[in-house]
2 protein chains.
Amino acid sequence: MTGGKIACILSEGFEDSEFRVPYEKLKKEGFQVDVIGTKVGEELEGKGGKERVKTEKAIDGVKADDYQALLIPGGYSPDHLRADDRFVEFVTAFERSKKLIAAVCHGPQILMTAGLVKGRTLTAWSTIQGDLRLAGATVRDQAVVTDGNWVTSRKPEDLAQFSEAIVKSLR
Amino acid sequence: MTGGKIACILSEGFEDSEFRVPYEKLKKEGFQVDVIGTKVGEELEGKGGKERVKTEKAIDGVKADDYQALLIPGGYSPDHLRADDRFVEFVTAFERSKKLIAAVCHGPQILMTAGLVKGRTLTAWSTIQGDLRLAGATVRDQAVVTDGNWVTSRKPEDLAQFSEAIVKSLR
């Protein structure tokens with residue numbers, strides 16, 4: 001039982017475990033996870049200094065059509081990514097085809113920038129929860145929130161449940 | 001011609017120059033600037049690793065009444081500060097008495113969390129501009145925006161104009 005391909009968008013200062021935990025879970029479950037950054041072969045460091053991850057694809061070389069789902073780890077990474085229109089477009093393409101979008105912690109920031117959160121139900125890092133409410137989303141302060149094609153989560157402590165929920169949505 | 005006292009709220013990962021440039025300008029103009037953090041005597045490092053700043057006051061030991069104005073440097077600092085209700089309350093107290101609030105880059109994030117941005121006109125770091133619009137603010141993509149008691153700015157390149165605008169508002 002092998003899975004499909006998952007896109008993981010990543011930039012400097014990602015929250016170390018919010019990359020590592022769902023990444024390992026998805027690999028273990030038979031999915032291919034491509035780490036996508038601005039450039040190919042760039043080494044990105046986690047904010048905690050525990051993880052160094054090399055990008056496998058550049059944003060210019062990928063299409064949402066090639067992937068089954070999108071993973072957005074948190075930390076400082078999402079705010080860097082959303083400053084670049086190409087990543088915002090990439091996220092929007094997953095939403096257009098209603099493919100799974102899994103975002104944790106600060107991950108939903110890029111959903112805000114893409115103008116997608118109004119009327120949706122989700123969760124995020126505590127400070128982002130407030131931003132989401134102001135943007136017209138319904139926010140639940142719980143470990144995992146599933147709303148249609150979106151699976152969202154809050155923080156490192158939620159990662160086991162978040163990873164399970166992603167796999168469940170993919171099957 | 002000496003000035004009054006300015007409160008500067010700061011946390012880990014502040015944008016180095018967004019602390020240093022307005023801080024030096026205000027000192028040069030005769031103002032006392034107190035660096036306020038979670039604790040007294042904590043050394044905070046800028047995100048660029050260029051600045052190490054020791055906190056002079058703890059948030060529990062200060063009142064907005066003691067200060068003429070509030071300075072909020074950007075970087076990762078504002079998102080850390082707004083996770084702590086005491087800093088959100090402190091910011092709100094400056095707003096209640098219509099004292100000057102000067103915020104640059106990610107600084108306006110804490111104004112969002114305090115629920116103060118709807119109907120106001122301001123600027124911020126590019127990614128935060130989008131959040132502010134979603135929250136009902138009018139956003140101008142220009143170096144400095146003055147709206148009543150608020151002076152806001154976007155990024156390190158704007159700091160000379162930002163610092164001038166703060167001093168002008170204080171005189």
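**Figure 1. Contact between helices α1(A) and α6(A) in a predicted model**. Ser17(A), Glu18(A), Val21(A), Pro22(A), Lys25(A) and Leu26(A) of α1(A) meet Leu159(A), Phe162(A), Ser163(A), Ile166(A) and Val167(A) of α6(A). Contact means C-beta atoms, placed from the backbone, within 7 Å. Seven of these residues are nonpolar, two polar and two charged. Nonpolar covers Ala, Val, Leu, Ile, Met, Phe, Trp, Tyr, Cys and Pro; charged covers Asp, Glu, Lys and Arg; the others, Gly among them, are polar. This is a predicted model: local features need pLDDT of at least 70, side-chain atom pairs count only at pLDDT 80 or more, and totals for chains, interfaces and linings use all residues. Residues are numbered from 1 along each chain as its sequence is written, and chains are lettered from A and ligands numbered from 1 in the order in which they are written.

**Figure 2. Packing geometry of α1(A) and α6(A)**. Helix α1 (residues 16-28) and helix α6 (residues 159-170) of chain A pack at about 40 degrees, their axes 9 Å apart. Helices are DSSP runs (H or I, at least four residues), numbered from the N terminus. Axes are lines fitted to C-alpha atoms over the stretch in contact; angles run from 0 to 180 degrees between N-to-C directions.

**Figure 3. The side of chain A that touches chain B**. The contact takes 12 residues from chain A and 12 residues from chain B. α4 (108-113) and α5 (126-134) of chain A each supply at least two residues of this side. The largest share, five residues, comes from α5(A). By class, there are five nonpolar, four polar and three charged residues.

Methods: Two residues are in contact if their C-beta atoms, placed from the backbone, lie within 7 Å.
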